[in-house]
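Trainee: I am new to this structure and would like to learn how to read it. Could you show it to me and walk me through a few features?

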Amino acid sequence: MNHKQNKLNINSFLLSSSREVSGVVRKITEFNYKNILIHVSAFMHNTVLVQNLKLELEKVLPDAKLIMLKHENKTQTSLVVYSLDNLQDSQNISDEILKEIQILDNEKTHDLKESKRQLLSRYFTDHLTSFPNMYQLRKDLHDNEKYALVSIAIDDFATINNFYGYMVGDYIIEQVGNYLVQNVDERIYRVSGTEFTLYLEEDLGFYDLKDYLIKLYEKVSNILVLYQGQDINVSLTLASCANYNQDNLFSKVSMALKYAKDKRMPFWIYEDRMNFENEYEKNLSISNIVRKAVQESKIVPYFQPIMDNKTMKVSKYECLARLIDENGKIMSPTMFIPISKRIKVYNYITKTIIEKAFDVFEKNEYEFSINLSMEDILNSGIFKFIMQKLKSSNASKRVIFEIVESEAIQDFDKIARFINEIKRYGAKVAIDDFGDGYSNFSYLTRMKVDYLKIDGSLIKDIDIDKSSLLVVETIVDFANKLGIKTIAEYVHSSTVLDTIKELNIDYSQGYYIDEPLVRIR
């Protein structure tokens, strides 16, 4: 290697055999240096290699100062040649070279420190906005005792990115950051892709913090970003925390921000009495229970009877997903289905219920229904699984797939394809929870539906609520005209059953008929 620092030249060589001596010495003479200091380092000095090297150097470079040193490498001999271009006669070459090496070392140490400083600076700085980042915020929180935090998040940023592209998205983040710097007199950090955090050097009480957020929101609620002649409106959501200690402050502000976003509120202030963390802890606990139940095949169907209102006999069963926890307790789907979607095991649960339901009903002659969400129907893996099950099972002509009506049906082509495919094997289709939420009569004329399950919110008070009675009458009349059978959910008393029979509803389901059962009767 060859280093140059002012007038100092350094050249290094490694030798393993005496055959290399002549070639190395020749290279040294080609440098044409005048003032030379040579260090020869070897494990032993009486070897053929070292002695040959020493003789050649003394012969070819008689004026060079040669120093023999020892090192621990038994297989190689090292040779370092130092030269100073402008050495005066009165100067000692060893002393002068030592000075130059020290100067070189000091400069390298300075460069190393500067590189370290720049590296640390990058570690604590956001590369896009040059604001201090999350790591710097954590450091500042650790170094101070009293402070308050305000989180500021860009709303619907995914929509901006998808519509305008990531380059525009980055530009908008930069412009929002610049706007905050110009309008907010606080330390600003960029803590994530779409979030900034303000550091307030005093711990404000709830009402002072509320006043601060109201004024801040008035300043930053709607930012106009100009990009290539086009105005882009950017709205923000704020959050903070008012409590008596700083424990988990950043987490609490994050929970408040999520709450404000979910509720579409301009800002939210977390207080300890809200106990948001309890909900997070509960969700984490349920997540662990769901994962374990999936691993141990503790997802099972329960079967609720559906009665024919004319014969007063059970003719169908609805298969309802249940989870058995490690203590043998049954968990309802309202608790574990949303979590299963979040932790990405929902498809496994759907397949498990389909598989186990078919296994049960292949051994009898009852019709049986299985609930499917729009997510299930649009999932290609679930679709293929259902098709394969219909092809191979002798219960295919008795299965009814219930589509949850409360979810808006947007892609009619895919729904129609699903319905047409399953009907090829004799399967039927029901619309579940009809009358709740999104209810839409128009799409019933476009779908080959066999059953309408009238939502329990309309059925439960039908014997005393005239409005519910009128709505159900309309649904039944419409279904009859389309040749669609009707099923009343949530039949919980004899008076409700009598009323729905008077309305000529075809089937009844509810606790008055029977509760969900571990096995069919």
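**Helices side by side**

Mentor: Let's begin with a pair of helices: α11 (residues 346–361) packs with α13 (residues 380–392) at an angle of about 10°, and their axes are 11 Å apart. Since angles under 35 degrees count as roughly parallel, over 145 as roughly antiparallel, 65 to 115 as roughly perpendicular and the rest as oblique, α11 is therefore roughly parallel to α13. This is a predicted model, where local features need pLDDT of at least 70, side-chain atom pairs count only at pLDDT 80 or more, and totals for chains, interfaces and linings use all residues. Residues are numbered from 1 along each chain as its sequence is written, and side-chain values use heavy atoms, with hydrogens and water left out.

Trainee: Which residues of α11 and α13 make the contact?

Mentor: Contact means heavy atoms within 4.5 Å. From α11 come Asn 347, Thr 350, Lys 351, Ile 354, Glu 355 and Phe 358, and from α13 come Gly 381, Ile 382, Phe 385, Ile 386, Lys 389 and Leu 390. By class, six are nonpolar, three polar and three charged. Here Ala, Val, Leu, Ile, Met, Phe, Trp, Tyr, Cys and Pro count as nonpolar, Asp, Glu, Lys and Arg as charged, and the others, Gly among them, as polar.

Trainee: Is Lys 389 buried or exposed?

Mentor: Buried means under 20% relative accessible area, exposed over 50%, and partly exposed in between (1.4 Å probe, protein chains only). Lys 389 has a relative accessible area of 13%, so Lys 389 is buried. Leaving aside neighbours within four places in sequence, Lys 389 is in contact with Ile 354, Glu 355, Phe 358 and Ser 396.

Trainee: Which residues of α10 are buried?

Mentor: In α10 (residues 333–342), Phe 336, Ile 337, Ile 339 and Ser 340 are buried.

Trainee: How many disulfides are found in the whole structure?

Mentor: A disulfide is a pair of cysteine sulfur atoms within 2.5 Å, and the search finds zero. Cys 241 is buried, with a relative accessible area of 3%, and Cys 319 is buried at 2%.

Trainee: At what angle do α1 and α2 pack?

Mentor: Helix α1 (residues 21–30) and helix α2 (residues 48–60) pack at about 30°, with axes 10 Å apart. They are therefore roughly parallel to each other. Their contact residues divide into seven nonpolar, two polar and one charged.

Note on methods:
Axes fitted to C-alpha atoms, helices over the stretch in contact; angles between N-to-C directions. Helix = DSSP H or I, 4+ residues; strand = E, 2+ residues; numbered from the N terminus.
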